[in-house]
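This report concerns helix packing, the nonpolar cores and backbone geometry in one model. The sequence and structure follow.

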Amino acid sequence: MSLRHTLVNIICGFIPGKNARTRVRVFLMYPVAFSYVRYVKHWARENCGGVRSLSMAFGVGCRNLVVMLNKEHVFKFLLVKRENPALREERIVNALRRVSPLMSPKMEVIDWNGVLVRRYDFVHGKLLCDFAPSEIFAHQEKIAKQLAEFMYKIGCADPAEIRDLKPDPNAVPGYMYGWFHNDIGNNCMLDDDMNIVGFIDCDKTAFCDFRTSLSYANHHWDKHGFQGLMVHTLYEYSNLYFAKHKNIRGQ
């Protein structure tokens, strides 16, 4: 453990409240975060009349800094040095948004002094897991049908402009196989009427078998008290898929 890490742990040990503690930890561990926030404020002055509201969130393990501006824009910065998936994500999002109305918000990649900054349109809604289990249970059929439609539409899509991002450019979509978000358990956003308004954080989207990711989502939802949602979603997805591919059912 580095000296900086040790000192940050000592300082944060005196800070009450998880959110405040996380914010202090991030800015002490990654001083570059200050320049990222300054960049967002500068962007706001240049593009939307200045800052009216600004809030921050941090990715799992504090690997990302997310800055929400004026409830209109979301900026995402990498804090930990690793391969930046921004350009890949932008290509996938732009291609699949035309296929499904439930895909992620519009995004662009901004090259700022060699740093690839991801900017998204703000999504007005709450994460699925921020709702009470009773709310999800009461609207389980509606939510499951929307999830199933999303899985089906992007799963059956094969946009030419992103075929080179598939493990095999000649691979074709099939049942439970194709383009998939890969993190619907964590990143599904809904409004108060239980309409899915978007899927955020699409950098894990890939052309793949759905099963492993769905198993994780099922575990995540069960942990939050949403038992049965995955079963219902798979039922609706199967109905959609086989209604369109009737010849497969009899094989």
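At what angle do helix 8 and helix 9 pack, and how far apart are their axes?

## Basis of the values

The model is predicted: local features need pLDDT of at least 70, side-chain atom pairs count only at pLDDT 80 or more, and totals for chains, interfaces and linings use all residues. Residues are numbered from 1 along each chain as its sequence is written, and side-chain values use heavy atoms, with hydrogens and water left out.

## Packing of helix 8 and helix 9

Helix 8 (residues 211-223) and helix 9 (residues 229-244) pack at an angle of about 140°, and their axes are 9 Å apart. Axes are lines fitted to C-alpha atoms, for helices over the stretch in contact, and angles run from 0 to 180 degrees between N-to-C directions. Helices (H or I, at least four residues) and strands (E, at least two) are DSSP runs, numbered from the N terminus. Helix 8 is therefore oblique to helix 9; angles under 35 degrees count as roughly parallel, over 145 as roughly antiparallel, 65 to 115 as roughly perpendicular and the rest as oblique.

Helix 8 contributes Leu214, Ala217, Asn218 and Trp221 to the contact, and helix 9 contributes Leu229, Met230 and Leu234. Contact means heavy atoms within 4.5 Å. Among the buried residues of helix 9 are Leu229, Met230, Tyr237 and Phe242, where buried means under 20% relative accessible area, exposed over 50% and partly exposed in between (1.4 Å probe, protein chains only).

## Nonpolar cores

The largest nonpolar core has 50 residues, and those with the most contacts inside it are Leu128, Ile184 and Trp221. Such a core is a set of buried Ala, Val, Leu, Ile, Met, Phe, Trp, Tyr and Cys residues joined through side-chain atoms within 4.5 Å. Helix 6 (residues 140-155) supplies the largest share of this core, eight residues. A second, separate core of 21 residues includes Ala33, Cys48, Cys62 and Ile110.

Ile184 lies in helix 7 (residues 184-187) and is buried, with a relative accessible area of 1%. Leaving aside residues up to four places away in sequence, Ile184 touches Phe150, Met151, Phe199, Leu214, Ala217 and Trp221.

## Positive phi angles

Lys71, although not a glycine, has a positive phi of about 50°. Lys71 is in the loop between strand 2 (64-69) and strand 3 (73-78) and counts as exposed at 55% relative accessibility.

Asp201 also has a positive phi of about 50° and is not a glycine. The loop between strand 9 (196-199) and strand 10 (206-209) holds Asp201, which counts as partly exposed at 28% relative accessibility.
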